[in-house]
Amino acid sequence: MISKENIIKAVLICVIIAAVQTLYAASSAFQDSFIADGETLTKIEALIEASKHIDIWSRMFNGWLYQFGLTFITCFLLLLWLKPKAPNK
């Protein structure tokens with residue numbers, strides 16, 4: 001059902017999903033680059049270590065808006081699909 005409350009919930013869920021996916025993908029990429037250099041770090045350690053050497057935030061969230069748009073469209077279509085049908089008389 002589409003309402004203001006459900007749209008706000010969808011936006012919040014989309015922001016959280018897009019941010020978590022972006023952080024996971026970036027930390028995995030940093031971890032892979034450290035593994036290639038011969039260092040064994042966890043994803044969080046790799047993210048922290050990379051942030052000490054380069055400005056990662058501008059690079060990491062570069063494609064965030066695209067990911068947010070995809071998840072928002074998906075949530076919006078789900079809201080349309082869950083719209084209650086008119087009762088048959």
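Biologist: What percentage of the 89 residues in the protein is buried?

Modeller: This is a predicted model, in which local features need pLDDT of at least 70 and side-chain atom pairs count only at pLDDT 80 or more, while totals for chains, interfaces and linings use all residues. Residues are numbered from 1 along each chain as its sequence is written, and side-chain values use heavy atoms, with hydrogens and water left out. Buried means under 20% relative accessible area, exposed over 50% and partly exposed in between, with a 1.4 Å probe and protein chains only. Of the 89 residues in the protein, the buried share is 24%.

Biologist: In what order do the secondary structure elements of the protein run from the N terminus?

Modeller: Helices (H or I, at least four residues) and strands (E, at least two) are DSSP runs, numbered from the N terminus. The protein has 4 helices and 0 strands. From the N terminus on, the order is α-α-α-α.

Biologist: Which residues of helix α2 are buried, and why do they line one face of the helix?

Modeller: Helix α2 covers residues 43–53. The arc is taken from the directions that lead from the helix axis to the C-beta atoms. Seen down the axis of α2, the buried residues fall within an arc of 100°, so they line one face of the helix, whereas Ile-44 and Lys-52 on the other side are exposed. The buried residues are Ala-46, Leu-47 and Ala-50.

Biologist: How are α1 and α2 oriented to each other?

Modeller: Axes are lines fitted to C-alpha atoms, for helices over the stretch in contact, and angles run from 0 to 180 degrees between N-to-C directions. Angles under 35 degrees count as roughly parallel, over 145 as roughly antiparallel, 65 to 115 as roughly perpendicular and the rest as oblique. The axes of α1 and α2 are 8 Å apart, at an angle of about 80°. The two helices are therefore roughly perpendicular.

Biologist: Which residues does Gln-31 contact, leaving aside its neighbours within four places in sequence?

Modeller: Gln-31 belongs to helix α1 and is buried, with a relative accessible area of 15%. Contact means heavy atoms within 4.5 Å. With those neighbours left aside, Gln-31 contacts Leu-41, Thr-42, Lys-43 and Ala-46.

Biologist: How far apart in space are Glu-45 and Phe-30, C-alpha to C-alpha?

Modeller: Glu-45 is a residue of helix α2 and is partly exposed, with a relative accessible area of 41%. Between Gln-31 and Glu-45, 14 residues apart in sequence, the C-alpha distance is 8.2 Å. Glu-45 and Phe-30 are 15 residues apart in sequence, and their C-alpha atoms are separated by 9.4 Å.

Biologist: Is the packing of α1 with α4 oblique or perpendicular?

Modeller: Helix α1 spans residues 4–36 and helix α4 residues 64–81, and their axes, 8 Å apart, form an angle of about 140°. That angle makes the arrangement of α1 to α4 oblique.
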